[in-house]
Amino acid sequence: MKEDSVNIKDPVLSIRNLSVAYDKGNYAVKDVSADIKRNSVTAIMGPSGCGKSTMLRAINRMHELYENIETKGSLILNGKDITDMPTIQLRRMAGMVFQRPNPFPTLSIYDNVIAGYKLNGIRLKKKERDEVVERSLRDVTLWDEVKDTLHKKGTFLSGGQQQRLCIARALAFDPEVILLDEPTSALDPVATSKIEDLLVKLKENYSILMVTHNMSQAARISDYSMFMYLGELVEYGKTKDMFTNPKDRRTEEYLTGKFG
Amino acid sequence: MNSAAKITAANLSRRTLKDKLFKGLVLFLSLITISPIVLIIYKLVEKGYRQISLDFIIKTPPNTFEAMTALSNGELIPGGIANGITGTLLMVVLASVIAIPVGVITGIYLYENPGKPLANLTRNISDILQGVPSIVLGLIAYMWIVKPITSGFSALAGSVSLSIMMLPMIVRSTEETLKMIPQSIKEAAVALGVPYYKVILRVLIPTGFSGLLTGILLGISRILGETAPLMLTALGSSVINLDITKPTSAVPLLIWEFYNDPNMVDLIWSSSLLLMGMVLTLNLVSKRIAARTK
Ligand SMILES: Nc1ncnc2c1ncn2[C@@H]1O[C@H](COP(=O)(O)OP(=O)(O)OP(=O)(O)O)[C@@H](O)[C@H]1O
Ligand SMILES: [Mg+2]
């Protein structure tokens, strides 16, 4: 791996020697180090089971939800070690979007957007709430579609709309970085291209780290790409360089469809 | 060719005959299954409806002599079963107040710790509890409450025995309901930094609310008609009693008392009709809730 992908100036996130094991000694992510650039889209690629989701979930300490998961190494978000941050602060800074849209079924569209405030008991004035909801929904280009039905349940929306709602829910907290785990794999091509356009637009204000199985998607929208294999970070660099001139044989084989 | 065709035709008619016989049998057996409930409701309505009136709900039962006089004059038996209705409500509410928090919290614990030995033990014990004869639960409440705490028969003792009956149903339905909520909903809340107890209280319970409610309503409809444990605990009372440390009546207890008094027999039917109506309503309501959320 090139030295400059580990040491960039003012990264939004520094991953250092990150290893994660579900069972003792059996690492799903092995000693990964990388710096993530601000205001860009970074794609994480690799064959199924190579540890992409595991790495992404380490970044907002999602693994703490389950027992027996061992995490080693350090993650520095905006210059601060994530283990030193209160959970709520970390998760506000690192918003997460999942593979399947998962709006809260009991909440309205409106309440889903501000769910982070509501469920944490953070009080906002009505005016502030309205502003957060409108801004977040506009950011994900959902506002015009739902502005008259804000008080309907979020689960009445189409899959693609639900996923944009889930992105709005993450944006409402004004995060530094947005972590997305295959956010379009459950969506049809039209909904997928909407989300892709959206991510490109969002990188003006946010840093985006996205797991994807879809190489053409990575090529279309990402600025930087990581290629992981069997838990290791094999290659990391500018997407253009990686697609035109992969340095590692395994990257090349993956990109040319020889495996994965 | 010709003979093969004949055989097929013969087969076919035999098959249609078998088919018809089978359908007839199925129909017959389903009629047998539903006939008891139809006959019961028919009988209860036929014999009980005349007694049902406002008085029946707001007055206490007559004494034997009044009943006998009314009977010999060919009149309806005066009075009602207000002591039983209030007693049943009191004890069911109290039993729910005890059983719902304990049952829901235990159910959450089982859901959260699926493989743990203590959870497995709890689940098994809860299953065994479901099969314990209700009279035994009455005995236990007698030993725990009647003797040491209320020093006498009491609504509290009745409620405790009923709450033990409800408990396994609530534990099970809570665990099963929570299990049906997708993990992704839970993770969505965790990813927003919501602390764990709030995830349970503000996301999982509201999401599974109708499932929990269904379990609770079925639990209540299960204990509404219980008689045996109440005989050993609440005993019964001829007046309306709202003091939980005192003997208290209940609709099923009254039915038993009416049965033992030849002059009061007519009241059995109307009381049973009322009880049956309450149980059926609860069952239908919980079915509606369960169906609406599928
Ligand atoms: N909860 C878990 N318990 C035990 N092992 C797990 C768990 N989740 C993932 N693993 C294992 O960790 C490894 C990495 O899994 P991970 O989900 O990170 O892969 P992935 O790259 O995201 O794959 P995919 O592209 O299929 O989503 C795999 O070998 C997987 O079997
Ligand atoms: Mg994955």
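Buried area is the accessible area, taken with a 1.4 Å probe, that two parts lose on being put together, summed over both. The legends below describe a predicted model, in which local features need pLDDT of at least 70, side-chain atom pairs count only at pLDDT 80 or more, and totals for chains, interfaces and linings use all residues. Side-chain values use heavy atoms, with hydrogens and water left out.

**View 1. The interface between chain A and chain B.** About 1800 Å² is buried between chain A and chain B, and carbon and sulfur atoms give 63% of this area. The contact (heavy atoms within 4.5 Å) takes 23 residues from chain A and 20 residues from chain B.

**View 2. The salt bridge between A:Arg57 and B:Glu187.** The closest N and O atoms of A:Arg57 and B:Glu187 are 2.7 Å apart. A salt bridge is defined as a side-chain nitrogen of Lys or Arg within 4 Å of a carboxyl oxygen of Asp or Glu. The count between chain A and chain B is one salt bridge.

**View 3. Helix H4 (residues 82-112) and helix H10 (residues 209-224) of chain B.** Helices are DSSP runs (H or I, at least four residues), numbered from the N terminus. The axes of H4(B) and H10(B) come within 11 Å and cross at roughly 135 degrees; axes are lines fitted to C-alpha atoms over the stretch in contact, and angles run from 0 to 180 degrees between N-to-C directions. The two helices, H4(B) and H10(B), are therefore oblique to each other, given that angles under 35 degrees count as roughly parallel, over 145 as roughly antiparallel, 65 to 115 as roughly perpendicular and the rest as oblique. H4(B) contributes B:Thr88, B:Val92, B:Ala95, B:Ser96 and B:Ile100 to the contact, and H10(B) contributes B:Ile216, B:Ile220, B:Ile223 and B:Leu224.

**View 4. H4(B) and helix H9 (residues 196-207) of chain B.** The two axes come within 13 Å and cross at roughly 110 degrees, and H4(B) and H9(B) are therefore roughly perpendicular to each other. B:Val104, B:Ile108, B:Tyr111 and B:Glu112 of H4(B) meet B:Tyr196, B:Ile200, B:Leu204 and B:Ile205 of H9(B).

**View 5. H10(B) and helix H13 (residues 265-292) of chain B.** H10(B) and H13(B) pack at an angle of about 165 degrees with their axes 9 Å apart, which makes H10(B) roughly antiparallel to H13(B). Residues of H10(B) in the contact include B:Leu213, B:Leu217 and B:Leu224, while those of H13(B) include B:Leu275, B:Met278 and B:Ile289.

Terms used
Residues numbered from 1 in each chain as written. Chains lettered and ligands numbered in written order.
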